[in-house]
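Biologist: I have not looked at this structure before. Could we go through its helices and aromatic rings one at a time?

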Amino acid sequence: MMAEKKDLGGLRQLMKKTIALLAICATVAVLSLQAFANSAPLQPEATIQDQCTPESKTAWYTEFTKDLKTDQAKAYELAKKYLACPSAAGEEQITSYLKNFVTKYEKASRKDQVSDLVYNKKDYAKAFELGKQILAEEPDNLRVLIDLSNAGYASRKVETNNADTLAYAKKAIELIESGKTPEKENWTPYKSKDEALGYLYYTVGLLNAQKNPAEGLTSVIKAAQFDGGISKLASTYAFIAGAYEAGQYFKLYGDYKAKFEGKDESPESKLALENINQVVDRMVDAYARAVALAGNDPQKAVWMESLTTWYKFRHNQSDAGLTEMIASVMSKPLPTEPTPITTLPVATPTTNPASGSMNSSGSNPAAGSVSAPSGANTPAGTSSASTSAPPSTPPATTTQPGKATAPANSTPSKSTKPSGTKPKPRRNHRH
């Protein structure tokens with residue numbers, strides 16, 4: 001009996017503890033529910049449904065039509081709000097119209113996003129990703145082609161998008177020259193159509209400089225002929241001079257050295273030299289333009305050194321007239337690329353060099369010199385073609401007429417290779 005009372009007392013104590021524990025748990029649960037109720041916003045389903053009443057939809061559409069011309073971003077939000085509601089009978093035309101507007105707005109917004117990624121955020125990888133999607137649907141979208149050409153130029157050292165950039169720049173040039181313009185004729189980041197063409201041709205030239213130097217040179221010469229930033233930059237003409245030197249001159253000099261070095265002068269060697277000289281004349285012209293525009297450019301001294309060296313080669317080691325040439329060179333048209341000479345020009349009498357007289361260009365022609373071909377596009381300030389051997393790059397010596405012996409070094413100097421420096425377009429990007 002005593003044992004049973006003891007067990008019953010223990011059971012009662014256990015039940016009291018269990019009831020107390022359950023009470024604590026219940027209290028915690030109630031408090032948790034209250035906390036959740038206080039923190040979670042009330043969003044009754046009836047409120048969402050009430051937004052799609054006929055009256056609300058009519059009000060949204062009325063406001064949409066008012067904002068359509070003045071605030072398309074707001075109109076877009078209203079259209080999306082209307083389309084999120086269930087469609088009702090009789091709304092088919094409105095729904096179709098709003099869907100068409102939303103599609104066009106989103107496409108237009110993508111173009112703005114590309115421009116923002118290129119000029120403001122400078123996220124070129126994302127710009128190419130989004131731009132390629134747009135061009136897949138709109139291959140002739142000039143705005144996107146121009147923007148991606150800029151993005152590719154800016155990121156050209158990575159080379160990932162160089163091939164695409166070249167294709168986009170060429171496509172943009174083709175469209176512009178066929179008469180196409182960007183929407184609202186907005187040439188941003190350029191001032192005009194001509195400036196845009198100048199930069200696009202420069203981009204093509206620069207990206208071709210290594211793999212296709214001939215096309216690269218042609219494109220940069222074309223770029224310099226458009227009125228705009230490119231035509232006013234010293235680096236443009238340094239590029240042209242260096243491209244001539246590392247390309248056409250280097251090849252012609254190599255051929256001359258292989259065929260005529262150490263041999264007596266012949267009609268064939270004189271013809272080869274004529275072709276070299278007309279390339280050198282264009283190098284002189286381009287270097288003179290670079291120096292004339294250089295201002296405080298740190299490369300000015302390098303360009304001046306190259307200019308002086310080549311000018312002296314064409315003027316029998318004299319720099320007479322060089323200062324005057326630099327001062328006037330920008331008032332003259334940029335020479336076109338030379339056409340290969342296939343026959344020797346007719347020689348003209350020259351004044352005896354011993355008398356010290358100068359020809360019209362300020363040079364003292366060497367005896368036996370050959371005149372430039374009649375009607376040739378020879379830059380101002382160059383003399384008739386010298387018959388001395390072509391120099392290495394840059395020339396170290398110039399031999400006298402008679403035997404043509406070229407200097408041993410024929411490797412173009414690093415200082416006169418195309419610089420690849422492109423000006424940054426204006427960044428006042430607006431839409």
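**Burial, rings and helix packing**

Biologist: Is Tyr168 buried or exposed?

Modeller: Tyr168 has a relative accessible area of 13%. Buried means under 20%, exposed over 50% and partly exposed in between, for a 1.4 Å probe and protein chains only. Tyr168 is therefore buried.

Biologist: What kind of model is this?

Modeller: Residues are numbered from 1 along each chain as its sequence is written, and side-chain values use heavy atoms, leaving out hydrogens and water. Local features need pLDDT of at least 70, side-chain atom pairs count only at pLDDT 80 or more, totals for chains, interfaces and linings use all residues, and the model is predicted.

Biologist: How do the rings of Tyr61 and Phe64 pair?

Modeller: Both residues lie in helix H3, three residues apart, about one turn of the helix. At 23% relative accessibility Tyr61 is partly exposed, whereas Phe64, at 1%, is buried. Rings of Phe, Tyr and Trp (its six-membered ring) pair if their centres lie within 6.5 Å, and planes under 30 degrees apart count as stacked, over 60 as edge-to-face and the rest as tilted. With 5.9 Å centre to centre and 25° between the planes, the pair of Tyr61 and Phe64 is stacked.

Biologist: How do the rings of Phe128 and Tyr168 pair?

Modeller: Phe128 in helix H6 and Tyr168 in helix H8 are 40 residues apart, so this pair links distant parts of the chain. Phe128 is buried, at a relative accessible area of 2%. The ring centres of Phe128 and Tyr168 are 6.2 Å apart and the planes are at 25°, so the pair is stacked.

Biologist: What is the orientation of H6 to H8?

Modeller: H6 covers residues 124-137 and H8 residues 162-177. H6 and H8 pack at about 45°, with axes 13 Å apart. Angles under 35 degrees count as roughly parallel, over 145 as roughly antiparallel, 65 to 115 as roughly perpendicular and the rest as oblique. H6 is therefore oblique to H8.

Biologist: Which residues of H8 does H6 meet?

Modeller: Contact means heavy atoms within 4.5 Å. From H6 come Phe128, Lys132 and Leu135. In H8 they meet Asp164, Thr165 and Tyr168.

Biologist: What is the orientation of H3 to H4?

Modeller: H3 spans residues 54-67 and H4 residues 72-83, with their axes 8 Å apart. The angle between H3 and H4 is about 155°. That makes H3, relative to H4, roughly antiparallel.

Technical notes
Axes fitted to C-alpha atoms, helices over the stretch in contact; angles between N-to-C directions. Helix = DSSP H or I, 4+ residues; strand = E, 2+ residues; numbered from the N terminus.
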